[in-house]
Amino acid sequence: MRSSEINKILRKIIKEAPVDYGDYEERMHPRSQAKIEDPEGIYAKNRGFRKGASDVEKLAGKRFKEIVDYVKRYYGTDRNLTDPQVKRSIQMAQMQAVSQVMGIEPRHRELLRDLAVEIAAKEEGWLPYAKNMEQAIEDGLVVKEEKQGGVEYQFDFINILTFLGEKRINPNMFQMKPKEMKKLELPKDFSFDIDDLTPEEERQLELEKRHVINALIQGKGKRGQFAYQMYKDRLDAIDPRLYDLYNKIMGANDLMYFTDEDLIEALGGNAAGAAGKMDGDEDEDEGGGEEENDTYFANGVIFPILLHELFKVFSTPTSQSQWDNVDPGIAQDVVDKTDSMENEPMNFRVGGELVRKLKTLLPDDLILVPENRVYMPFFEQALYSVPAEDFLKNIIANVVSDDKEDNNKVKRRFEELYKKAKSEYEKYKGNGEDDDYEDDEDDILSQLGL
């Protein structure tokens, strides 16, 4: 056998290696694992994943083991979580925890709602870290109003209408299917010349970029739903029983995305929460006119699910910078294909670890200094505006890679984007060289799509 044929076989083995469980007894549902290992999956063929399905399996496998570890911790067991008897026991304990929480929360709904919005806004950089929600409202940084049976929080660039157990979630909305579009066949290892892209080539690159952005948004939601753990004292002051109950509920919920494929396929997503942009008819003020800011909604049956949806909402406006200089027709086609509940389970499975890995490579000044979180929306806006092929091949692929040289390359790139983010923030605050910030065609408002 020729060496070229041997190398081809080796590359195929590397790219299609099964999920590595290490010394863990637990196993994913066979169909969940099959979707993760699928060489034709939405991430396996993505340019941000150089090793194809192997990279997908690595990210999803690490996330699965992380979830197993914290579910065992929350439930106080060292037994195999996917043993049918243990699994039923956890499901029953989760249902009991949900029942307890739904009996406790209504008495503290507004305190919990304020805390959820405060946590998500702070961690995502939309609210100064030193302010709590009460102070932010008193200082005029946030306006809070009752609307449409929920409560709306109005920030500088975005309004969020929240529901915490007041509004039933329609399960039919989780049955959406993406529009079918003709698949673009490309040569292996094809590299686009950005100046000579056909519409189909541009659409394919933007589609792959959008899948990655969706994984990051959904991954931030999954990690954000546990952000209350950093505010345990605040939660304990409301009711000390809630912390442990939330850990059990959300831990078992995360495990479900790897071990209960039948339920996931039936729902297509998480039927206990929902988030999105209000349409034109709903996005109106009390006088009947349109709101000055875009309005999003976040609906959670219980507090940590609302928190999950809020992290997604705060991540959405910055993602619109992907469409800078992209043909609107192509942008709409890409959104129709990618932004579907059918894709959410894989977004969750890949996104949780992708977000964690990316965060470890961001500048320490941005991550470790809480006061600097205000730069985060500007950083994300700069990141998502990077042209698609560059974004995938030189940023995401180097984040996914375990090679230290690749990681160092992307760390340097993130430092450059962080400098740009700080400059844009200073201009927004009126401290930069450009005093006419509102008229700058590249200002943050227009780039955020607001």
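I began with the classes in the lining of the largest cavity and counted four nonpolar, no polar and four charged residues, where Ala, Val, Leu, Ile, Met, Phe, Trp, Tyr, Cys and Pro count as nonpolar, Asp, Glu, Lys and Arg as charged, and the others, Gly among them, as polar. A cavity here is a set of points, on a 1 Å grid over the protein atoms alone, where a 1.4 Å probe fits but cannot get out, and lining residues have an atom within 4 Å of a point.

I noted that this is a predicted model, in which local features need pLDDT of at least 70, side-chain atom pairs count only at pLDDT 80 or more, and totals for chains, interfaces and linings use all residues. Residues are numbered from 1 along each chain as its sequence is written, and side-chain values use heavy atoms, with hydrogens and water left out.

I found two cavities of 30 Å³ or more, a volume being the space filled by probe spheres set on the points, which are joined across faces, edges and corners.

For the largest cavity, with about 50 Å³ of space, I listed Arg63, Ile67, Lys222, Asp254, Tyr257, Phe258, Phe348 and Arg349 as the lining. H9 (242–259) gives the most, three residues; helices are DSSP runs of H or I, at least four residues, numbered from the N terminus.

For the second largest cavity, with about 40 Å³, I listed Lys58, Leu59, Lys62, Glu353, Lys357, Val399, Val400 and Asp402. Here H3 gives the most, with three residues, and the lining has three nonpolar, no polar and five charged residues.

How values were computed
1 Å grid on protein atoms, 1.4 Å probe; cavity = no way out; pocket = protein on both sides within 12 Å on 5 of 7 lines; lining within 4 Å. Helix = DSSP H or I, 4+ residues; strand = E, 2+ residues; numbered from the N terminus.
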